[in-house]
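Subject: Structure handover

Hello,

Here is the structure I promised to pass on. Please open it first, then read the notes below it.

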Amino acid sequence: MKKLFLLLFVLGAGLSVQAQITDNSGPEWSESNEEFTEIYSMATELGKRTDRVIANGNVISIVKDTGTTSFQRKRDNSVPVEFYDFILLTSTGRKITLNKGQTGKVIDKFRNVLVKAKESLDVDNTKDINEILNNL
């Protein structure tokens, strides 16, 4: 009986470890960090061409008529490895720390808005740019 219990315990622990390894609920944190760096670069470029996009420090902000939405990358010094927290900030003072899946969605949303704004700037349509940014 003890052997059967021990066998079931070992099998259960093995399945638990396998489930943790195959977790595909979102991008890895290192991927999120690289993607943030890419969109930060794009936001820096756009910030030179319009006052509706701001990249400063580790924060990307998109200014709308109704307020500003910002996306922040903040180094977590409580862990010994390089790890970042990602935070969504609103002009109303809300500060939302994002989990892995939410971070991927916010990165994708900011990337899409920045790409549309860049395309509109290339065509020189200020009205379209403002509409895209306001619909964020």
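Two strands count as paired if DSSP finds at least two bridges between them. Keep that in mind for the strand notes. Also note that this is a predicted model.

Overall layout

The protein has 4 helices and 5 strands. Along the sequence, they follow the pattern α-α-β-β-β-β-β-α-α. Of the 136 residues in the protein, 29% are buried. The exposed surface comes to about 9100 Å², and carbon and sulfur atoms supply 54% of it. Take the contacts with a separation of 6 or more: residues 24 or more positions apart account for 44% of them.

Strands

E4 pairs with strand E5 (residues 95-97) in the antiparallel sense, over 3 bridges. There, isoleucine 87 stands opposite threonine 97 in E5. E4 and E5 form a hairpin, with 4 residues between them. Glycine 93 sits in the turn and has a positive phi of about 95°.

E4 also pairs with E3, again in the antiparallel sense, over 7 bridges. In that pairing, phenylalanine 86 in E4 is the bridge partner of arginine 73.

Core

The largest nonpolar core has 22 residues. Those with the most contacts inside it are Ile39, Leu46, Phe71, Phe110, Leu114 and Leu133. The elements giving two or more residues to this core are helix H2 (29-47), strand E2 (59-64), strand E4 (84-90), helix H3 (100-123) and helix H4 (126-134). H3 gives the most, with 7 residues. As background, nonpolar side chains tend to be buried together in soluble globular proteins.

What does phenylalanine 71 touch, not counting residues up to four places away in sequence? The list includes Phe36, Ile39, Val59, Phe86, Ile87, Val106 and Phe110.

Is glutamine 72 buried or exposed? Glutamine 72 counts as buried, because its relative accessibility is 18% and the cut-off for buried is under 20%. This residue is found in strand E3 (residues 67-75). Leaving out residues up to four places away in sequence, glutamine 72 touches Phe36, Asn58, Val59, Asp85, Phe86, Ile87 and Leu89.

Glutamine 102 lies in helix H3. Glutamine 102 is partly exposed, with a relative accessible area of 36%. Glutamine 102 and phenylalanine 86 are 16 residues apart in sequence. In space they are 9.2 Å apart, C-alpha to C-alpha.

Best wishes

Terms used: Residues numbered from 1 in each chain as written. Predicted model: local features only at pLDDT ≥ 70, side-chain atom pairs only at ≥ 80, totals over all residues. Heavy atoms only, no water. Core = buried A, V, L, I, M, F, W, Y, C linked by side-chain atoms within 4.5 Å. Buried < 20%, exposed > 50% of the residue type's maximum accessible area, 1.4 Å probe, protein only. Contact = heavy atoms within 4.5 Å. Areas by Shrake-Rupley, 256 points an atom, 1.4 Å probe, with all protein chains shown as cover.
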